[in-house]
Amino acid sequence: MSEESATPEPDEQQELLDSLDLVRQAQEGELAAYGELFARYYTRVQALVRKRMNPELRGEMESVDLLQEAMLDAIRGFSAFEVRSRPELVGWFARIVENNLRSAARHMHAQKRDRRREVPLEYVSAYMEQSEPH
């Protein structure tokens, strides 16, 4: 990779500077900065969610629900986030999405596991009575 291709284009450089400025403003509590920042990255994060959701999870929940949860988690964790580049910011969003997807999948599997294992007490009692020696 040449140095020229590693250097962001002027428009990309300006977007990065604007994004970094928005991050700093959001970390200072400016609500408008949150809105602008998330509007700017919403489509990218949405694409990540859709790409990473497996069919089983898609059958249980909407991608927009995971997207909104990821954005809320980003707001909650924004004060601790230190961003130096756009790829770091997108990567941070991606990690939040990935963590939320894992959490949703674990929750879904735990619910299924519990339902399949659930046995009415009457069946347990009947089985115990049958297996007792006479």
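What does the pLDDT of the protein average, and what share of the residues score at least 70?

## Confidence

This is a predicted model. The protein has an average pLDDT of 77, and 78% of the residues score at least 70. Helix H3, residues 31-52, has the highest confidence in the protein, at 85, while helix H1, residues 3-6, has the lowest, with a mean of 47.

For residues 1-5 the pLDDT is below 50, and this stretch makes 1 contact in the model beyond near neighbours in sequence. Where pLDDT is low, the predicted coordinates should not be read in detail.

## Helices H3 and H5

Helix H3 (residues 31-52) meets helix H5 (residues 63-77): their axes come within 10 Å and cross at roughly 135°.

On the H3 side, the contact is made by Tyr34, Phe38, Tyr41, Tyr42, Val45, Gln46, Val49 and Arg50. H5 contributes Ser63, Val64, Leu66, Leu67, Met71, Ala74 and Ile75. Sorted by class, the contact of H3 with H5 has 12 nonpolar residues, 2 polar and 1 charged.

## Salt bridges

Side chains of opposite charge can pair when their charged atoms come close. With a cut-off of 4 Å between the side-chain nitrogen and the carboxyl oxygen, the count comes to 5 salt bridges.

One of the pairs is Arg40 with Glu36, whose closest N and O atoms are 3.5 Å apart. Both Arg40 and Glu36 belong to helix H3, where 4 residues, about one turn of the helix, separate their positions.

How values were computed. Residues numbered from 1 in each chain as written. Predicted model: local features only at pLDDT ≥ 70, side-chain atom pairs only at ≥ 80, totals over all residues. Heavy atoms only, no water. Axes fitted to C-alpha atoms, helices over the stretch in contact; angles between N-to-C directions. Helix = DSSP H or I, 4+ residues; strand = E, 2+ residues; numbered from the N terminus. Contact = heavy atoms within 4.5 Å. Nonpolar A, V, L, I, M, F, W, Y, C, P; charged D, E, K, R; others polar. pLDDT = per-residue confidence, 0-100.
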